[in-house]
Amino acid sequence: MLKTLSPERVAQVACAPLKGGDLGPEATDAALTIRALTVSYGEAPVVFSVDATFPAGSMTAVIGPNGAGKSTLLKAALGIVPKLSGTVTIHGRPVEEARALVAYVPQRASVDWDFPTRAIDVVLMGRYRTTGLFRKIGKSERAIALDALARVGMSAFADRQIGQLSGGQQQRIFLARALAQDTPVLVLDEPFAGVDAATECTIFDVLAGLSAEGRTVVVVHHDLATVPERFDRVLMLNVRKIAEGPISETFTPANVRATYGGKIGLSDAIDWPTRAA
Amino acid sequence: MGAEFVQLSLAPLVIGTLAAVACALPGNFLLLRRQALIGDAISHVVMPGIVVAFLITGTVSTGPMMLGAAGAAVFAVAMIEAIKRFGRIEPGAAMGVTFTTLFAAGILMLEQTDTSGVHLDVEHALYGNLESLIWFDATGWASLIDPVALTGLPAELPRIGIVAILVCALTVVFWRPLKIATFDEGFAASVGVPVATLGFGLVIVAAMAAVAAFDAVGSIIVIAMFICPPAAARLMTNRLGNQVGWSVVFAALSAVIGYVAAGYGPLWLGVTDSVSAAGMIATVSGLILAITALAGPHRQRVA
Amino acid sequence: MSALIEVFSLSAGYNAAVVTIGSALLGIAAGTAGTFLFLRKRALVSDALAHATLPGIVIAFMVMVSMGGDGRSLPGLLVGSALSALLGLLLVDALTRHTRLTEDAAIGAVLSVFFGLGVVGLTIVQTMTSGRQAGLEGFLLGSTAGMLFGDAILIAVGALVAIAVVFVLRRAMTIVSFDPGFAQATGLSVRAIDIAIMALVLLVTVVGLKLVGLILVVALLIIPAASARFWTERSDWVLLLSAVFGGTAGYVGAALSAVAPRLPTGSLIVLTAFALFAVSMMVSPHRGVLAALLKRRRTAIRVHRRQGLLALAKGEMIFDAMTLAVLRRDGFIRADGVPTQAGAAEAAKALRDEARWVIAGRVLNEDALNLRVDVLTPLEQTFTPDQIAAIDAALQNPRPA
């Protein structure tokens, strides 16, 4: 039921009349644009003056040490936590008007999985913008949800209470909910934390498929070893933006060191895209 | 079970049931949000709110009292939030500081003011007075269709009736956003659900239910009905809709069985005086919770 | 006024003096016991415990009456209250342990049901005594009026026992409350100490019933500990301050109540405790509200100043009103928005600092990076000249060998 995202569909959802006129040349090919974003909880900023651009159709890993503000940057960008200053546009529109364009997958640990509900109900939450308060959840909505479950290999678990699922399965349900939202932009917060190897594979494959459809994928990521093979762009963050760009130019030992601190043990498992270092 | 029942027991039964259901509905969401004790806090501050309303207006009319109680509930919630956020104190302690202080202030004001001659005292605030809500004008079941007799119904009945209907309606209307925001606040915000407003709205509705119920049945039932029926219901099912359904059934059962046991139980035991209906309703809700905790089909977490 | 001085100086008669001293001792005991509870994040367990005393009081009364006594003996009532509070505590534990309900739900369920049961009992007692006041209502809100000398002594002794227990076990309890993981590692039985803490809380609750009342005795356990937390990060100081706050609240509250016996003692004690809390929360230099507001304002100004300077350095337009105001106030831009000489210099410096920050991680080790407390502090104040020289060298040579 989920249609491949055709250029027409992107145009349809993303390029409806822009408010405030032309936002400049980069607005057309940038799916998500962050300008001078600063977040502070009353103390020193946890994210300071970050500029970042996520081109449409790109698949970006957001990396940085613990407490570097990766999750906070994206949450603030999507208006989930307040920002001190900065502007964010999604396909050229302010976030508040672009809710239908972006699917957000929070950290798995951020919710109570003992909540009395089934897997399919969680996926159906992804249809909220369409169904609203009252519209009946009909066959077509259910079919979309079932299709999303199938794409993450969870069809057999549709009627399970979510607390009975393993961590990896719960993460797949979260991904299925994002698929059901059918948005051109997807933002995932640590989708690989504490999941099994099979789930990691499934999630990467689904994300690659989304990217191939022309959707923009942003992932807060921890495992440096999988960055070069699985992503095409990287945003390196340590309160400030350290670097951003295509993997081949940006994901260098020097930048990783600058992000994580000079003496980080750079694992041999990383297959550096460049010859440097 | 004729005229006497209609005159003495019908109104308290209906009022008790409506109060129980009105509190149990928002209680489900408070329970799932780990805010069960907000109900506890609200019911402690209703009394100070009423005292303040009395001090300001000098009368014991329903309007100002309801407003005063609702105002106190909002004040308490704001105070808890402020202590949590600005003082960085954990939620439980923030609630403890807030409701004990406001309750203490309420007691002090009550003792300081001359409320003799006014129907306002601590015990009434705690136990309510369900038994006194008698329908004097009723002569039998026929009175239910007698417009003259109907005007003599206790004023608490229409009040709690309206609030119960309102609470039901709001639960139905906001079902989806409430469910989404209760399960996953971050996701809810990302799809445009106004999570802060919704959370505050839930507390206001809970306060409204508490105030209307307090008016008729006192604060013990309010706390018990916020927590016990939803908690027992959670142990019966793994679906939110069913949980809310069970909680309504349990709340109504507690009210009916509790009232009957309080009024007629002692008679059956050969004692003439009845016991507190409010206390009995709370007790029955506790027994229901005990039964579900021992035998409810979904009483345990499944790993 | 003279009555007040008399009471505060403990010269208003034996009874009042003993009650006031007992109340202060109770406050000290509650302050310390409450600290452990507060740090274990179980403050409201005491609420369940306190409400759960009511059926025990009522049943004890009935038992004593049926045995031919008059039912009002304080020791008997306190034993009954302790037993039913213990049962309530065990039920909270059982509900949390054996069902999927969380502790807050278990607390709420136990407190409301036990209280409801107690109220049913109270109505039965009213019938039994047929109009004669049993005086059990005094346990709801606390009352010193009509307290016997023996009762006052009992309260004072009970509070002293609680303080003695705290004194003996304070080390173990402190370790378990502040750092249960460490406690386990050093071989302390966390479970045993937890039980001891709850026993202590139970003792304080029961002793406090007559004075403060069962609805408000939890305040004495929660508020002083929460107040103390504002002032210090050190465990022994939290404990000591909490004891001081609790003792003060108990002393002042009971003394006021002795002057105005019509006012419920519990309310006066709780409101005194809250006054101390409110002052602590507002003015504490580390965690207080005023300090936090000041800090927030300062941070906002620093962020806007830095962002404004960076925009100046890059020649970008500034639209943010606060940024413009800050820059203008600092004399970095003129009224028309054009940077002044000082502004241009400062902007260049900010830009260089940003560039240094971005590259700092490359030449400094993790420890040095983590030392920095604040990303807006100029590098000169954070790192040594050697470190900055290394950073600047890296800036010159973007691709190190």
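**View 1. Secondary structure and overall burial of chain A in the predicted model.** In this predicted model, the secondary structure of chain A amounts to eleven helices and ten strands. Of the 277 residues in chain A, 59% count as buried, and the accessible surface of the chain comes to about 10,400 Å², with 52% of that area belonging to carbon and sulfur atoms. Among the contacts in chain A with a separation of 6 or more, 69% are accounted for by residues 24 or more positions apart.

**View 2. The open sheet β2-β1-β4-β5 of chain A.** Four strands of chain A, taken in the order β2-β1-β4-β5, form an open sheet with antiparallel pairing. The edges are β2 (47-55) and β5 (93-94) of chain A, each of which pairs on one side only. Strand β1 (residues 30-39) of chain A is joined to strand β4 (residues 85-90) of chain A by five bridges, and these two strands run antiparallel. Within this part of the sheet, A:Leu32 stands opposite A:Ile90, a residue of β4(A).

**View 3. Helices from chain A and chain C that pack on the sheet.** Helix α3 (residues 70-77) of chain A packs on the sheet and touches β1, β2 and β4 of chain A, its direction making about 110 degrees with that of β1(A). Helix α14 (residues 289-314) of chain C also packs on the sheet, where it touches β1, β2 and β4 of chain A, and its direction makes about 50 degrees with that of β2(A).

**View 4. A nonpolar surface patch with residues from chains B and C.** The patch, about 500 Å² in area, is made by B:Phe86 together with C:Val279, C:Met282, C:Val283, C:Leu290 and C:Leu293. Helices α13 (265-283) and α14 of chain C each supply at least two of the patch residues, and α13(C) gives the largest share, three residues. C:Leu290, one of the patch residues, lies in helix α14 of chain C; because its relative accessible area is 44%, C:Leu290 is classed as partly exposed, the category between under 20% and over 50%.

**View 5. C:Gly315 in the loop between α14 and α15 of chain C.** C:Gly315 lies in the loop that links α14 to α15 (321-329) of chain C. Its relative accessibility is 62%, so C:Gly315 counts as exposed, the cut-off for that class being over 50%. C:Pro339 is 24 residues from C:Gly315 along the chain, and the C-alpha atoms of the two residues are separated by 9.8 Å.

Key: Residues are numbered from 1 along each chain as its sequence is written. Chains are lettered from A and ligands numbered from 1 in the order in which they are written. This is a predicted model: local features need pLDDT of at least 70, side-chain atom pairs count only at pLDDT 80 or more; totals for chains, interfaces and linings use all residues. Side-chain values use heavy atoms; hydrogens and water are left out. Two strands pair if DSSP finds at least two bridges between them. Contact means heavy atoms within 4.5 Å. Axes are lines fitted to C-alpha atoms, for helices over the stretch in contact, and angles run from 0 to 180 degrees between N-to-C directions. Buried means under 20% relative accessible area, exposed over 50%, partly exposed in between (1.4 Å probe, protein chains only). Accessible areas come from the Shrake-Rupley method with a 1.4 Å probe; for residues, only the protein chains shown count as cover. Patches are made of residues with over 30% relative accessible area and no salt bridge: like charges are joined within 9 Å, nonpolar side chains (Val, Leu, Ile, Met, Phe, Trp, Tyr) within 5 Å. A salt bridge is a side-chain nitrogen of Lys or Arg within 4 Å of a carboxyl oxygen of Asp or Glu.
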